[in-house]
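Here is a short tour of the chain shown below, from its overall contacts down to one pair of packed elements. Have a look at the model, then read on.

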Amino acid sequence: MSINNLIKSFVTDLKPVKVFKYGAKDYCLILLIGLFSILISLAIAGIRNDINDIIFTKRFIFEILILISLAMISSISALQMSIPNIKTHYFKKIIFINLVVWLISIIYFFINSEFVLAGWGFNCAQEIILTSVIPSFSIYFILKKASTLNRSVVGWLILTAGASYGALAAYFSCASNNPLHILIWHSLPVLIAGFIGFIAGNFILKKV
Amino acid sequence: MSKGQLLSELMKEAQAGNSTSYETLLIEVNLILQSYLNSKIFNKSQVDDVIQETLMAVHKSRHTYDSNKSFMSWLLAIAHYKISDHLRSQFKYATQELDDTFMDPKTDALNSLIENQSYQIINQALDELDHRPKEIVKLLKVEGLKVTEVAARMQLSESNIKVIAHRAYQILEIKLRSRL
């Protein structure tokens, strides 16, 4: 089919379309869904016993803020990047910086910590994965109507956002303060989830 | 009004269902893409392919264009993605083709060529045999019949069939050796 014929075929059956864009409503919805899944997770796993002792410590507040920021920015970026726009590289940079800050902070705490053994934390990883399901699917369904160009990156962002909510839940339920445990059983699942999203994005998200 | 603003305005009207504006827009987009892609892809037919793919993506994604933002930025994001996608698939295809042709000698193309040539040589050698041995070899080796079945069909004894076939193979061997 020639280009002129292609243009004619588009024009002949043209129908009005509703302009699709994301706004604060969508971001708030994802945040609420994320918080809701954290609450479900905590209702099942229970809140850690020492929550009153650590909730106001600098380290805990810092890590929670980093994770909230990671979850929020990843989900906003996933939505923004599913709309064609040439200026999307800022999002990738911000998320990368966020992840690096989180990992460096854990490594910093690890170096300054007396603990060495990571301990068995399969429950934490499991909690992160299960908690990430609802937010990840919500983001996926919200951006299904959009036109995702870079599907692998958006896939990475979706699962990173979902897993960040999971990691937030794990911070409130897991009693371990051992940085090595947090690095292996809390951070690594987030990174692995992101990697899986990167691979799966190409298959799951609709090609434009 | 700048060209970007004009295109943005046309897209806004197209989103509302105005087909004339949409046609004008797509013609303009085609021209923009041609000049943009000609500097990036040198093969004319490939340029046309990418333009078609980009136009299709523009058509499918027209609901995602926000008229408050730059139209060119939106269009070039799609075009950029389509170029990368096209180059990636071309590279994959070329690599696959190279692998098939040079890395693995038992390719389909090479095999069929060898098979064709061998088939012709064997056929020629067979044609040079006398009628009876030729028939027996064909029945045994081409049709895959058993010696008893060939014997029944040719109305000869089994041992006769075996002797005639044995001689025919010897002659064929000599003829084929001389041709290779």
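## Contacts along the chain

In this predicted model, residues 24 or more positions apart account for 88% of the contacts in chain A with a separation of 6 or more.

## Fold and dimensions

What is chain A built from? Its secondary structure comes to eight helices and zero strands, and from the N terminus on the elements run α-α-α-α-α-α-α-α. Along its principal axes, the C-alpha trace of chain A spans about 70 × 30 × 25 Å.

## Burial and surface

Chain A has 208 residues, and 49% of them count as buried.

## A helix pair up close

Two packed helices are described by the angle between their axes and the distance between the axes. For helix α2 (residues 24-45) of chain A and helix α6 (residues 122-142) of chain A, the angle is about 160° and the axes lie 9 Å apart. Angles over 145 degrees count as roughly antiparallel, so α2(A) and α6(A) are roughly antiparallel to each other. Their crossing is right-handed.

Which residues make the contact? On the α2(A) side they include Leu29(A), Ile30(A), Ile33(A), Gly34(A), Ser37(A) and Ile38(A). On the α6(A) side, Thr131(A), Ile134(A), Pro135(A), Ser138(A) and Ile139(A) are among them. Taken together, the residues of the contact of α2(A) with α6(A) divide into 11 nonpolar, five polar and two charged.

Definitions and conventions:
Residues are numbered from 1 along each chain as its sequence is written. Chains are lettered from A and ligands numbered from 1 in the order in which they are written. This is a predicted model: local features need pLDDT of at least 70, side-chain atom pairs count only at pLDDT 80 or more; totals for chains, interfaces and linings use all residues. Side-chain values use heavy atoms; hydrogens and water are left out. Axes are lines fitted to C-alpha atoms, for helices over the stretch in contact, and angles run from 0 to 180 degrees between N-to-C directions. Helices (H or I, at least four residues) and strands (E, at least two) are DSSP runs, numbered from the N terminus. Angles under 35 degrees count as roughly parallel, over 145 as roughly antiparallel, 65 to 115 as roughly perpendicular and the rest as oblique. A crossing is left-handed if the near helix is turned anticlockwise from the far one by less than a right angle, and right-handed if clockwise. Contact means heavy atoms within 4.5 Å. Ala, Val, Leu, Ile, Met, Phe, Trp, Tyr, Cys and Pro count as nonpolar, Asp, Glu, Lys and Arg as charged, and the others, Gly among them, as polar. Buried means under 20% relative accessible area, exposed over 50%, partly exposed in between (1.4 Å probe, protein chains only).
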